[in-house]
Every structure is written in C-alpha cells, then in structure tokens.
Amino acid sequence: MNENPRLPAVDRVLKQLPELIETHGRQPVTACVRAELAAAREGAKHGLPLPDEATLLAAIRRRAADAARANLRPVFNLTGTVLHTNLGRALLSEEAIALMVEAARSPCALEYDLASGGRGDRDDLVSGLLAELVAGGSPDIAATIVNNNAAAVLLTLNALAQGKEAVVSRGELVEIGGAFRVPDVMRRAQVKLVEIGTTNRTHEKDYFDAIGPKTALLMKVHTSNYVVTGFTKTVDEQAVADIAHAAGLPFVVDLGSGTLTDFAALGLPAEPTPQQALAAGADIVTFSGDKLLGGPQAGLIVGRKDLIAKIKKNPLKRALRVGKTTLAALEATLRLYRDPDRLCQRLPTLRLLTRPTSEIAALGERLLPSVQAAVGAGFVVALEDCASQIGSGALPVERLASTSLVLRSTAKKPGKALAAVEAAFRGLPQPVIGYIRDDAFRLDLRCLEAKDEARFVAQLAAVKL
C-alpha cells in the first residue's frame, strides 16, 4: 500500500474484515473504517506516511473493539474503600446474581399471585422476608421497597407529614454524597423542618417543646458519615419513641446504611440495626440495600403495617419503585441472612470486611514481584500496613487493618511519574483503581480476592509507562 499514495476505498477494506462485521455489524464497522481512513488522511496532511494495509486493518480492529466496549466496565477496587460509591458499592452474592439472571431471562411472577391467579403486589416478594429478619415475622410489621434510601426518606416524609412539621435534632441534619441534604429532602417532600437543640447537644425537653398542632412526626437520623465528639448530648431512640407516642405521633428512624447483622459479633465496629430501632419503639425505619446490607441499590422501609400501607398508597411510590432484577437480587440477599453461620462466606460485603489481615498480607507478598517487574526500575515497590475504610457513609471513623502495595518513583520530582503510573493502571483492560498519597501510588489489597489474582497478574504485562 505504501507504493500507492492513495488510501483504499471503504468497500475494499470492508471485504477484508468479514469476521469484524460478523461480530459488530456492518454499520459500526463501516463507521470505524471511515474514521480510520480520515485519521490517516489528516496525518498525511502533516507529513506522516500513509499506513500499510496491515497497520490500517489493525487500527480498525482496535477502534471497533474500543467502540464496542461497555461504558459500565468492571474494575479492580484497590482504593481501600470497600463500599465505594463511585465504584458501585456492594458486590452481589452469587445467589443474587443467579436470581437476577433468571428474572431477566424469563417472564416471572412480579405482580402476579400464583395462588389465586389474580394481580399481586411486587413488595410481597420481599416484605415477608424483611419482617422475618427485623421483627421475627411479626404480623404487625410490613415493608416496602424503593430505588434508594434517599427515596425512602422522601416517600416516608411526603406520605406521613406533607404540609405539616417534622422534628429533627440539628446535630442530625446529615449531608450525604453529592450535596444531598436532609433539609433539602424535607422541602421536596413538602414537609416543614423543625430543628431542635444545637449542633452538639439535644435534650428530651427540646423534643417536648417542639411538638405543636402541626407536628406530624418525630425523626432521628443516624449520623453514619460523621461523628461529633466532645461536649455532646443526644436523646436515645427509646426516649424519643416514648415522647412521640405520648403525643400520638409516629417516630421515624433513618439509618442510612443499615445492616441486618450484629457487626460487633463479627469483630467489626458496632453499627445500629433496624431490629434495634424497631425494638426501641420506632414506627418506621429506612435504610439502604447496597451498603452494609450487601445487596442491590434499594431503599428499604419497614415498620408498622398501617403506616406502610399509607406510604404505599402515595403516588410517589410508583415513581420510585424498583424493577424485577432489583427485587430478585434483594430477595436472594435477604435469604442469605437466614443462614448466619455461612453469611460471611457467601455475602461479599461481609467477606471483604472480615477478611483476615494475614490473608491480605500473603497476597501482597505473592503480587509484589509481578508489580515490580511491570513498572520497572523507575519505581520501587514495597508492602506496607495500611487502614481500609468501610465507606459509603458507614462508620466514618473506624478503620480496618490491611496491606498495600506502595509504588514510589525514583525520580527527584515524583509527581509526573506518579500520575503516569496511576493512569497506566487505570488504562489496563480491567482498570486498576488505586490512589496517590504521601508521594506514592498505593494499591490497598483488601478487595482483591484470591479468585481474581491470576487475572490481575496476567494483565500487568500491559502496563505502559
């Protein structure tokens, strides 16, 4: 082709790419051919030689592969944050994945009652399981599901307090990721926020004094993503519940993350549970499905059956409801909690959080030579102890002992080299996401399991520095 200064016609190139057309389709491949020929012509204008036939075809194949690559790509999460919001939070169990695939592949009884042959309620797929897990199957407890916990709070407030007032301690006016704030949710729910107490101290008297003719409910918000220390005072859930019930008002608890298991019993920092909130007198509890629970993104609302019925009748419920694959994953996840003896092995979130430090360190020892060979003499790779975090607004202060691969540049000014190595790992076929801190690129190994070790090592040869 170099002997002929003209580039080949599009049709001629397409005839040489039958396998690419079979894989991707004629139109996408034609677009790639045109784009690559245009790039070659533009290069020629700036003095670059025209590509030979093999080079041109290889470039077209690369372009087609890039164009076909999914935008939602799997990555290796070596950030040190187990439940990383930007990386999809909780990994689903194999049981949840299998049930999602089955629900996606076949018609399923989403809103169809198989016993009666009539219309069913999609919440029934999981409400019984939730009632069993949070209240021992009490007939007085029901549940409904929406697309995330922010939606759960919005729907609950709008259904129970629209046009009225909700009382919340000033120290609990949480802001979560993306500047999403409790006061903003209340305004959108058409509920007037009544702040009580101060940032650091709230007393029972503050709740009593705030109750008036327009009060619809009392609310506590778990400060899951920050901690106020020092000269502080809060009112526990039992006391707030007693105050609410004495005034004939419902008591709502927003747990944010939410877990159905006793973290302290697993050697993890304690975290409040829906079971505890209901036992303390909460009438409604909201929490997430994809954080500490270890399931799909969802907002779970559990509590008094009459209040849940009122919440479900709200028109917003239909706008915020979840689909069949989410319900399938949630059902499978909840069923795992029926078998607490094997829960930590079968639920990825708990498996990663409870992973032995000796196992993580041993993995680091095995990986170090391969990583050092991949980055070459421009970096010194070492193993260092580090501290992982749980993430996604859960347990903001507590840390988990872990091990990191630490890459330090041998350059006098390492900034450019560290940016380059971070980009190189991020550009691998399955991107590796670490972080730069204290003049080093760090790969926390807590979330890299042995089953993924070979795949991780195999792609290190593609690191380009």
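## Backbone of two loop residues

Asp 438 is located in the loop between strand 14 (435–436) and strand 15. In this predicted model, the residue has a positive phi of about 55° although it is not a glycine. Asp 438 is exposed, with a relative accessible area of 61%; the class follows because a value over 50% counts as exposed.

Gln 190 also shows a positive phi, near 60°, and is likewise a residue other than glycine. Its place is in the loop between helix 8 (182–188) and strand 6 (192–196). With a relative accessibility of 47%, Gln 190 counts as partly exposed. These backbone values deserve a remark because most residues other than glycine have a negative phi.

## Overall architecture

The chain contains 19 helices and 15 strands. Its C-alpha trace spans about 95 × 60 × 45 Å along the principal axes. Of the 465 residues, 48% count as buried. The accessible surface of the chain amounts to about 22800 Å², and carbon and sulfur atoms supply 52% of that area.

Among the contacts with a separation of 6 or more, 74% are made by residues 24 or more positions apart. One spatial relation between separate parts of the sequence is given by Gly 212 and Ala 247: they are 35 residues apart in sequence, and their C-alpha atoms are 9.4 Å apart in space. Gly 212 sits in the loop between helix 9 (204–210) and strand 7 (215–221). At 31% relative accessibility, Gly 212 counts as partly exposed.

## Annotated features

In an unreviewed entry, UniProt lists residues 6–41 as "domain: L-seryl-tRNA selenium transferase N-terminal". In the model, this segment is 81% helix and 0% strand.

Lys 291 lies in the loop between strand 9 (284–288) and strand 10 (299–304). Lys 291 is buried, with a relative accessible area of 10%; the assignment follows because buried means under 20% relative accessible area.

## Nonpolar cores

The largest nonpolar core comprises 57 residues, and those with the most contacts inside it are Ile 145, Leu 218, Val 285 and Leu 334. Helix 6 (residues 124–135) supplies the largest share of this core, with six residues. A second, separate core holds 30 residues, including Val 146, Leu 160, Ala 166 and Val 174. In soluble globular proteins, nonpolar side chains tend to be buried together.

The surroundings of Leu 334 can be described residue by residue. When residues up to four places away in sequence are not counted, Leu 334 touches Val 126, Leu 129, Leu 130, Leu 133, Leu 260 and Leu 293.

## Aromatic rings

How many aromatic pairs does the chain hold? The count comes to two aromatic pairs. Phe 76 and Phe 456 form an edge-to-face pair, with 5.4 Å centre to centre and 85° between the planes. This pair links distant parts of the chain: Phe 76 belongs to strand 1 (residues 76–77) and Phe 456 to helix 19 (residues 453–458), 380 residues apart. Both Phe 76 and Phe 456 are buried.

Phe 425 and Phe 441 have ring centres 5.6 Å apart and planes at 50°, so this pair is tilted. Phe 425 lies in helix 18 (residues 415–426) and Phe 441 in strand 15 (residues 441–444), 16 residues apart. Phe 425 is buried, with a relative accessible area of 0%, and Phe 441 also counts as buried at 0% relative accessibility. A further ring is involved with a charged side chain: Arg 201 lies over the face of Phe 231, at 4.0 Å from the ring centre.

How values were computed
Residues numbered from 1 in each chain as written. Predicted model: local features only at pLDDT ≥ 70, side-chain atom pairs only at ≥ 80, totals over all residues. Heavy atoms only, no water. Helix = DSSP H or I, 4+ residues; strand = E, 2+ residues; numbered from the N terminus. Buried < 20%, exposed > 50% of the residue type's maximum accessible area, 1.4 Å probe, protein only. Core = buried A, V, L, I, M, F, W, Y, C linked by side-chain atoms within 4.5 Å. Contact = heavy atoms within 4.5 Å. Phe/Tyr/Trp six-rings, centres within 6.5 Å; stacked < 30°, edge-to-face > 60°. Lys NZ or Arg CZ within 6 Å of the ring centre and 35° of its normal. Areas by Shrake-Rupley, 256 points an atom, 1.4 Å probe, with all protein chains shown as cover. UniProt positions renumbered as here; feature names shortened; annotations may be inferred.
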